[in-house]
Amino acid sequence: MSNTPMAANPLTRAVLEIDEYASGLGWDQPARLFALVDTAQLRAQEPALARQLGLGDEPEAAGLTPIEQDEIPTDKPLDEFLGTIAWPEAVAGCALTVERLMLPPTAEAQVPDDLDEAALTKWVARHPERQEVRMTVAVLRDGTRDSALRLREKDSPTEVLTGSELVPGLAEALAATFAD
């Protein structure tokens, strides 16, 4: 973690660390999926991997380490892909970072009723108030969640909005990957 601000809890720190990582890759990137593992447990059970990830020996009792997973397939809708995931017990949580176009709430009343998904996507892409946003959403097995939003037009570490209920639909989809 280089410039990631210290946050009050481990999940928020993990979300901000992933946001910083995604920011370093630039915009127009594919979605990225991360397993979140307990840092102390990782050091104890997989010391070679912990060293490879650059985790020192400093004690951090409640830390989470994000581990990027294989690429997300682009030939399948994201919600369908998430429905195929099952995590091993060693994974404490997961996170996803994805870029989307969003409209302000004031534009919702302007959406035509008769649009299918493809037409709606085109309509949003042409809307003058659209915003490009990178969303990083994380959930733990116990249902705890957090997220970070970064607007492309305000792409700065000090302009990242965090909160547990910013992207509830995506958080629910990620939480479902832990359902039995």
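## Ground rules

In this predicted model, local features need pLDDT of at least 70 and side-chain atom pairs count only at pLDDT 80 or more, while totals for chains, interfaces and linings use all residues. Residues are numbered from 1 along each chain as its sequence is written, and side-chain values use heavy atoms, with hydrogens and water left out.

## Helix 1

Helices (H or I, at least four residues) and strands (E, at least two) are DSSP runs, numbered from the N terminus. Helix 1 has 16 residues. At 1.5 Å a residue they should span 22 Å, and the end C-alpha atoms are 23 Å apart, which agrees. The expected span is 1.5 Å times one less than the number of residues.

Leu11, Thr12, Arg13, Ala14, Val15, Leu16, Ile18, Asp19 and Ala22 are buried in helix 1. Buried means under 20% relative accessible area, exposed over 50%, and partly exposed in between (1.4 Å probe, protein chains only). The buried residues of this helix pack against strand 1, strand 2, strand 3, strand 4 (131-140), strand 5 and strand 6.

## Salt bridges

Side chains of opposite charge can pair when their charged atoms come close. The structure holds seven salt bridges. Each is a side-chain nitrogen of Lys or Arg within 4 Å of a carboxyl oxygen of Asp or Glu.

One of them joins Asp19 to Arg150, with the closest N and O atoms 2.5 Å apart. Asp19 lies in helix 1 (residues 10-25) and Arg150 in strand 5 (residues 145-151), so the pair ties together parts 131 residues apart in sequence. Asp19 is buried, at 2% relative accessible area. Arg150 is buried too, at 3%. Salt bridges that share partners join Asp19, Arg150 and Asp155 into one network.

## Two further pairs

Arg152 and Asp28 form a salt bridge, 3.1 Å from N to O. Arg152 sits in the loop between strand 5 and strand 6 (161-163), and Asp28 in the loop between helix 1 and strand 1 (32-38). They are 124 residues apart. Arg152 is partly exposed at 30% relative accessibility, whereas Asp28 is exposed at 55%.

Arg32 and Glu68 also meet in a salt bridge, at 2.9 Å from N to O. Arg32 lies in strand 1 and Glu68 in strand 2 (residues 64-68), so this pair ties together parts 36 residues apart in sequence. Arg32 is buried at 16%. Glu68 is partly exposed at 31%.

## The cavity

On a 1 Å grid over the protein atoms alone, a cavity is a set of points where a 1.4 Å probe fits but cannot get out; a pocket is an open set with protein on both sides within 12 Å along at least five of seven lines; lining residues have an atom within 4 Å of a point. The structure holds one cavity of 30 Å³ or more. About 40 Å³ of space lies in the largest cavity.

Its lining is Ala22, Gly26, Gln29, Pro30, Arg32, Thr97, Val98, Glu99 and Arg134. Strand 3 (residues 93-102) gives the largest share, three residues.

## The largest pocket

The largest pocket has a volume of about 630 Å³. It is lined by 17 residues, of which Arg100, Leu101, Glu117, Thr121 and Met135 lie nearest its centre. Helix 4 (78-82), strand 3, helix 5 (117-126) and helix 6 (168-175) each supply at least two lining residues.

Notes:
Grid points are joined across faces, edges and corners, and a volume is the space filled by probe spheres set on the points. Contact means heavy atoms within 4.5 Å.
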